[in-house]
Amino acid sequence: MNGPNATPRSKRKEPPHHAIDARHPKHLRPNGDLSSGGENTPETHDDFEGGFDEFEDTRLQALLPTGPDTAEWQATIETVVRNVVSIRFCQTCSFDTDPALTSEATGFVVDAERGYILTNRHVVGSGPFWGYCVFDNHEEVDAYPVYRDPVHDFGILKFDPKAIKYMPVDSLPLRPDLAKVGVEIRVVGNDAGEKLSILSGVISRLDRNAPEYGDGYSDFNTCYYQASAAASGGSSGSPVVNIDGYAVALQAGGRADGASTDYFLPLDRPLRALQCLQNGKPITRGDIQCQFLLKPFDECRRLGLTPEWEAQMRKAFPKETNMLVAEIVLPEGPSHDKIEEGDVLIKVNGELLTQFIRLDDILDSSVDGTVKLLLLRGGEEIEVEIQVGDLHKITPDRFVSVSGGSFHSLSYQQARLYGVACKGVYVCEAGGSFRVDNADNGWIIQTIDHKKTPDLETFIDVVKNIPDKARVVVTYKHLRDLHTLNTTIIYIDRHWSKKMKLAVRNDETGLWDFSNLADALPPVPPVPRKASFIQLTHTSHPAVADLVRSFVHVNCTMPVKLDGFPKNRKWGMGLVIDAEKGLVVISRAIVPYDLCDISITIADSIVVEGKVVFLHPLQNYAIIQYDPKLVDAPVLSAKLSTEQITQGASTYFIGYNRIGRIVHAATTVTEIFAVTIPANSGAPRYRAVNVDAITIDTSLSGQCGSGVLVAQDGTVQALWLTYLGERSPSTHRDEEYHLGLATPSLMPVISQIQQGIVPKLRMLSVEFRAIQMSQARLMGVSEEWIHKVSLANTAHHQLFMVTKRTFEREEQEGDGLLEGDIVLTLNDKLITKISELDVMYSHELLDAVIVRDCQELHLKLPTVAADDVETDHAVTFCGAVLHRPHHAVRQQISKLFSEVYVSARTRGSPAYQYGLAPTNFITHVNGKPTPDLESFIAAVVKIPDNTYFRLRAMTFDSVPWVVTMKKNEHYFPTMELIKDPNEETGWRRVTYEGGKGIQGEPEDGVMSAGLEDSTEMDVDVGVANE
C-alpha cells in the first residue's frame, strides 16, 4: 500500500546540546558520559507530519516470533555478531549538511581481507572524519573513510585486519536479491548506545520513497525497505540479516514519532561500490540533476498516464504498483528545460523502467554520455536526450578556511534540498569575520569587496588580495530565501588566523590534507578622517545635548573563548573620558578580556582600532584607547561627577537601545543597592561584585545596555552599563542586567591612566552583601554600632557581611576575613555604603573593626594585588581550551586542584568525544602531576600522535575521575597563546608539531568556531549572537 510517507527519524541520537546551525537534529548517540553539567538532555524529535499507512506492518506483526529465537537464528546471530562493529567517531568541523559532532553508530565487515566496513553515509559524513571501530571482543582499531556516496546513505570505512589479534574476522555477504516482503530479519547493531542489540522484524515494503530528514543530509533517487524493528540511536549502519546470515539491507532511519517503523537502504549500490573498490576500479556515479519519486498508478493517472501505457507497464511489471515521477528539476542542470516536475518516466534508452535500481545502473554507466528519456506530460509523450553528469564533480571534496570562516562549493545535496542551481560559494562555517547577521549557516556569498564570487576559485582570488584589517562589503543570500540580497560590512581578520588554508579530501589516507593558499597581506595604514556628530533635539538643556559627542560605538570580537565568557562577539556604546588621549570607558560585558579585536566607530562615520588599557577586576568596566590623531571630529571629553548621586535625585537618561539608536528621557533615581549577581558554578565567568548599582524610573533603562545619567550642566553622574549575569536554567540563555555605576568610583583609576600610570589596585579577597540591622543585631552587632549606622546613613541602615572568600594562591600574612564576618569600620571609617569599600583599592593593609561570632575584633587586614587576575596564558589541546583558573573560578571555589582549567572545548574534537568537559581541572597526565600549564605542555607534547594517554581530572564539585583520550594533531594541533606586548596583537602563538615548538600557527587544522562555553547548553555553538 502506498499511503503518504511518515516523517522519519534518524538512527543517531542527538548530541548533548540543541540543534546547531538551525539544522534539524539527527538523533546522535552522544559520547563522553562523564562530562559535567547538562549532558543528559532529553532527545528532541522532528515533528511528525501527516498520516501514514501501517497496514502491512500491523498485519505482518503476527509473523514475528513471540518467544526466544530458534536454534537456527541463534547460530546465525552468533556468526553475524563477529562481523558487526561499534563505530565511535568525530566529524571534526562543519561541512556541507553536517555540523561538527561526536557520535556512535554501527558498521559491519564486508571484506575481511582488505578491511572494508559498510556503514551509513551520514555516519561517514561528507567532511573530515576521525574515528575507530570496536569489535565484539572489545578489540579496537582505527578506521578511515575510503568512500562516501554523494547521494545514497552508505559509506565504506577501511581498517587494518592485522590489528585484530584475538578473534577471527569474517565478512558478511551482501545479498540484495534476498530482500522480499514477509522475510523475517534481525537488525544487529549498537542500538541506543548498547554494545550489541539484536532487534527482530519483518520486511513489510520494498517500495518506499527515501525518508526526508529535514534540513540536513537526506537520501533520494532510491527506494527504501520498511519494517518494524524499533531500532533507535546508535543503530545507524547496522546490517539487516536474514536467517541464513546474509545482509539483505542496511539500517538507515526510522519514524520520529515513536512508532516502531524502520527504514532500510537496499544493498544494490553498496555492493557495486564494494566490488569497484575490490577490483581497483573507480566508482562512477552519474546524475541528471533531477529527483524522482515513486508514485502509485492512481496518482500517475492524474498526472497524465494514459491507459495504453499503464497497460504496458502493468504487463511488463506485474508486481509493480508505482512509477517514477519527476519531483524536483534543478535550474541550469542537464534536465533543465527538458524535464518538468510531474513528468511520468516511461522509458530510458528505449527500456521500460519503473525502479530506481535500474535507473541508477543506467546513469552510473553513462557518465559524460547521454541518455534518452521517454516521458508523459499531461498525457503527451515527450522524448528528450540528456547529458549525464558526474556526481562526484558536484559533491565538494575541499574547503577553504580564512578569517575564521569556512567555504566550499554548493553541494548537490543542498541544491536539491532547496531546488536551486548547483553553483556558488557556500558558507559551511559562518565564524570569525564571516559571522553575519545570525548564527545560521547556509549563506551563499554573492560578492566580496564589490567583486563577484561565482565559484570557489574566484572567491579564493578575491579574498587573498584583501589586506588584513580591511573593512569590505559582502553581499550574500540564504538558501531559504534567495529572493533577498543581504548586504553587510565585515572586518577581515588575517592576524589571528594568518593563513588561508585549503583542505582537500584524500581517500587514500582518509585524512583531509591542508595547504596554505596565501599568507596575509599587511594592513593598509589608517589615515585621518573627518566627521561630524548628529544633533540631539528636544532636550531642555544644551549641555545634555552636547553629550552625543562623547559616545562612540564599540565592537569587540574574541577569536578564542577564555574565562568562561559565553560570546565571541559583543557591541555596545562607550563613553569618551579623554578625547585628547582617546580614552573610552565601556562595560566588561562588552570587552571581557584583552585577547580581542576592538573597532571604535566615531560619529557613525570614522572607524578606528582600539586596544585595552585597563580592566577593572570587580566594578564591571574596562578602559580602551584609540589613536586620536586619526579622528578629525569634535569629540567631547565627558565631564565626570565627583559627587555620589543619591536616591530620589532627578537626572537625565541618555541611552542606546538594542539597535544602536539614541533615546533619552528625564527620570529619577529609584534605588541604589549593592550588586548581587548570582554565581553560576556551571559557567564561572566575570561578574561585578562589591559595587553599588543604580536603577531609574524609566522603561528605557531596560531597553538600553549602554548610556549615562547626566545632570543639567552635562556632568555625567553615572555610567549605564550591561552586567553579565547567570545562565537561566529554563532557557539556557545568559541573563543580562542593565544598571548604573556612579562615576566617583572611576575617578582614581582614570586620573592615574591620564597621567600615564598603570593602576595597581589592591582588593580584599571576599564578596560582601548588605544586611539589615535586625540581622546584624542577631549576629552580635551592639546597639551602639547600630545607632552609629542610623546616623551615618539615613537612606539605608545597613552593614556588610562576608558571603564568600576568594581562593588566593598564596597565603596572606596577617589577619583575614571569614564567611559571616560583619565589617564595621575600615581605617576608622564606618562602612554603610558599598562605595566606602573603595578604600581597599589603594591600601596594602587596612585597620578593621569586625564582628565575628558575636565578638567584636580589631584586625589588620591585608589586601591582595589585583594585577594577577587576568588570563595571560592559554593552551589549546585536543580541542580543549585550557588556562589558569580565572578570577571567577577562584571566587566560587574553596580549593584549586590544579592550575590547568578547562574553559571551553570544540564540538567534534577528542575533548568532546572522550568527555573532558569545561570546568574540569587536569591534575595528571599519564600519572605525572601537572600542577601548572608549563608542566602540562611538557607532558603532552611528548605524547605521540594518534596514541592513547591518561588524564586525571577533578570536577568543579571535587569529584576525581580518569579519562583516556587519543591525541589528534592533524585536526587539533597543540598551541599556546602567550600574552606578549611586543607582538602586534599583544599575544604570541606557539605551535607544537612532532614534540617541537615553533612560532606561529600550525600547518594543519583550522581555528574552530564551534567552541562551547562551560555550560554546554549554548545554542549558538560557540560563536554567539551579537
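## A buried arginine

First, a term: a polar contact is a pair of N or O atoms within 3.5 Å, where, inside protein, one atom must be able to donate a hydrogen and the other to accept it. With that in hand, look at R205: its side chain makes such a polar contact with the side chain of D207, at 3.3 Å. Bear in mind that this is a predicted model.

R205 sits in strand β9, which covers residues 197-209. Is R205 buried or exposed? The cut-off for buried is under 20% relative accessible area, and R205 comes in at 6%, so it counts as buried. Y225 lies 20 residues away from R205 along the chain, with 5.4 Å between the two C-alpha atoms.

## The chain as a whole

Zooming out, the protein chain has 17 helices and 63 strands. Of its 1026 residues, 61% count as buried. Take the contacts with a separation of 6 or more: residues 24 or more positions apart account for 67% of them. The chain exposes about 39,200 Å², and 50% of that is supplied by carbon and sulfur atoms.

## The barrel

Next stop, a closed barrel of 6 strands, in the order β32-β33-β34-β37-β36-β35 and with antiparallel pairing. On average, neighbouring strands in this sheet are turned by 40 degrees against each other, direction ignored. Helix α12 (residues 747-754) packs on the sheet, where it touches β33, β34 (583-587), β36 (606-615) and β37 (621-625). The direction of α12 makes about 20 degrees with that of β37.

Which residue stands opposite F551 in β33? That would be L575.

## A lysine in β15

K295 is found in strand β15, residues 290-296. Its relative accessibility is 15%, so K295 counts as buried. The side chain of K295 makes a polar contact with the side chain of E327, at 3.5 Å. If you leave aside neighbours within four places in sequence, K295 is in contact with C300, L303, T321, N322, M323, V325 and E327.

Helix α4 (residues 268-278) has R269, P270, R272, A273, L274, C276 and L277 buried. What covers them? The cover includes the strands β3 (101-111), β4 (116-119), β6 (140-148), β7 (155-158) and β13 (262-266), along with helix α7 (356-364). After α4 comes G280, with a positive phi near 70 degrees.

In helix α9 (residues 456-464), the buried residues are L456, F459, I460, V462 and V463. At the start of α9, a side-chain oxygen of D455 reaches to within 3.3 Å of the backbone nitrogen of E457.

Most residues other than glycine have a negative phi. Against that background, check N690, with a positive phi near 55 degrees, and C854, with a positive phi near 65 degrees.

N690 is in the loop between β40 (662-674) and β41 (692-696), and at 2% relative accessibility it counts as buried. C854 is in the loop between β50 (845-852) and β51 (855-862). With a relative accessible area of 48%, C854 is partly exposed.

Conventions:
Residues are numbered from 1 along each chain as its sequence is written. This is a predicted model: local features need pLDDT of at least 70, side-chain atom pairs count only at pLDDT 80 or more; totals for chains, interfaces and linings use all residues. Side-chain values use heavy atoms; hydrogens and water are left out. Two strands pair if DSSP finds at least two bridges between them. Helices (H or I, at least four residues) and strands (E, at least two) are DSSP runs, numbered from the N terminus. Axes are lines fitted to C-alpha atoms, for helices over the stretch in contact, and angles run from 0 to 180 degrees between N-to-C directions. Contact means heavy atoms within 4.5 Å. Buried means under 20% relative accessible area, exposed over 50%, partly exposed in between (1.4 Å probe, protein chains only). Accessible areas come from the Shrake-Rupley method with a 1.4 Å probe; for residues, only the protein chains shown count as cover.
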